[in-house]
Amino acid sequence: MNYFELEKKYILQTYKRQKIVFHYGKGKYLWDKNGKKYLDFFSGLSVCNLGHCHPEIIKAVQRQIKKYFHVSNIYYIPEQIELAKLIIEKSFKKGKVFFSNSGAEANECAIKLARKYGSKKGKFEIISFENSFHGRTLATLSATGQTKFHRGFSPLSPGFKYAKFNNIDSVKKLITKKTVAVIVEPVQGEGGVYPAEKKFLEELRQLCNKNKLLLIFDEVQCGMGRTGSLFAYQHYGIEPDMFTLAKSIANGLPLGVTVVKEKYSDVFEKGDHGSTFGGNPVSCASAIVTIKQIDSPGLMKNISELGKYFIQKLIDLKNKFPEKIKEVRGVGLMVGLELFEKGNEIVEKCADANPLGIIINCTQEKVLRFLPPFFITKKDVNYVVKTLENILS
Ligand code: PLP
């Protein structure tokens, strides 16, 4: 079967796909349909952070699908309740969550909640950041501060303004009587792996307190352990009023979560928001195991230590190739290497490496992005860096 031709014929051409058809995965490895083995340093865009086909997750999912796949949110769903309790206990201690299916929906919910909160006072404006990414629904696209994603989709949802990332004065300038919230990624992912400065997030927190604005952290990509803390805000030591999760929360099954502090947890009333599939019990069963497995001191230590080791190795590589590598950035195991030239060819050469291909990604055309599973070793990092060195030589 020629998947490349069939995909072109039957699927809307919205994705620029790499010409690989994976056949199966186990742990940190993937195999394509020709039997070639790859080291996965992308995790399906920070989704399979515990690797592929984790045995405990398989067990939990199998247990659940034997009970039921779906009921409806008009009934009480034990798996949702257990997961919500777990997330709140590990985050705000007091608060509530809303379950959806994706990152965009988790952010859409946060935006709606902020708007509802501000509605009595006529406040609706939301400040986001240049270079940010919050999703592809019309509201989250409007929150996304990158014009290339906006083209052709006007009119966008009104009420969004873009400040400069890591620049508190630019936020101050955008605040009006109508501003209700600020939404920020603690580490910008799609924008090219730009970590927020701690001072900037501290000042943002103070600014939001002073102006009675809700601070929303979009942790869809950088949450769930990626930074070396379970939630990215914990890495920075700054508490938002709401934060959103998706991608890796269920290690590969669709689930979005909007986590809301107690103070704002009664803003939505019955009927204000909903989702047929949101909080699907199979996804929730997977997420319960995923969170318990990720939130272990050993794994967090590995993320922090291996992240530092990896970044240092890439800085050494930059020193060897100063004319090719512009900058190395990252937190924990969310790492970016900015090139002077386009990076797609390097991504393909990594996949072609023999005997073990490497799966990485390139964002913003020039930023190689590494989002490996959390249990990688120094040996894996050395292999990736050596392969990059060979390609760049
Ligand atoms: N927010 C951030 C920070 C993301 O990185 C993404 C996706 O890459 C989204 C939101 C959208 O998530 P989804 O594709 O699940 O809708």
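In strand S17, Val367 is the bridge partner of Thr363; strands here are DSSP runs of E with at least two residues, helices are runs of H or I with at least four, and both are numbered from the N terminus. This is a predicted model, in which local features need pLDDT of at least 70 and side-chain atom pairs count only at pLDDT 80 or more, while totals for chains, interfaces and linings use all residues. Residues are numbered from 1 along each chain as its sequence is written, and side-chain values use heavy atoms, leaving out hydrogens and water. Here is a short tour, starting with that strand.

**Strand S17 and its partners**

- Strand S16 (residues 361-363) runs antiparallel to S17, and 3 bridges join them; two strands pair if DSSP finds at least two bridges between them.
- The hairpin of S16 and S17 has 3 residues between the strands, and Gln364 takes a positive phi near 55° there.
- Strand S14 (residues 334-339) is also antiparallel to S17, with 4 bridges, and Leu337 stands opposite Leu368.
- In a regular strand the side chains alternate between the two faces of the sheet.
- Both faces of S17 (residues 367-370) are covered, with Val367 and Arg369 buried on one side and Leu368 and Phe370 buried on the other; buried means under 20% relative accessible area, exposed over 50% and partly exposed in between (1.4 Å probe, protein chains only).

**The nonpolar cores**

- A nonpolar core is a set of buried Ala, Val, Leu, Ile, Met, Phe, Trp, Tyr and Cys residues joined through side-chain atoms within 4.5 Å.
- The largest one has 97 residues, and Phe41, Leu204, Leu314, Leu368 and Phe370 touch the most other members.
- Helix H12 (residues 297-320) gives this core its largest share, 8 residues.
- At least three residues of this core come from each of domain 1 (3-54 + 296-392) and domain 2 (55-294), with bounds taken from an automatic or database domain assignment.
- Beyond its neighbours within four places in sequence, Leu204 is in contact (heavy atoms within 4.5 Å) with Phe129, Ile168, Val171, Val182, Val184 and Leu215.
- Another core, of 17 residues, lies apart from the largest one and includes Ala139, Ala181, Val260 and Tyr264.

**A buried loop residue, Thr144**

- Thr144 sits in the loop between helix H6 (138-143) and helix H7 (147-150).
- Thr144 counts as buried because its relative accessibility is 0%.
- Not counting residues up to four places away in sequence, Thr144 touches Ser132, Phe133, His134, Gly135, Phe149, His150 and Tyr162.
- The C-alpha atoms of Thr144 and Phe133 are separated by 4.7 Å, although these residues are 11 residues apart along the chain.
- A polar atom of the Thr144 side chain lies 2.8 Å from the backbone oxygen of Thr140.

Definitions and conventions
A polar contact is a pair of N or O atoms within 3.5 Å; within protein, one must be able to donate a hydrogen and the other to accept it, and residues adjacent in sequence count only if both atoms are side-chain atoms.
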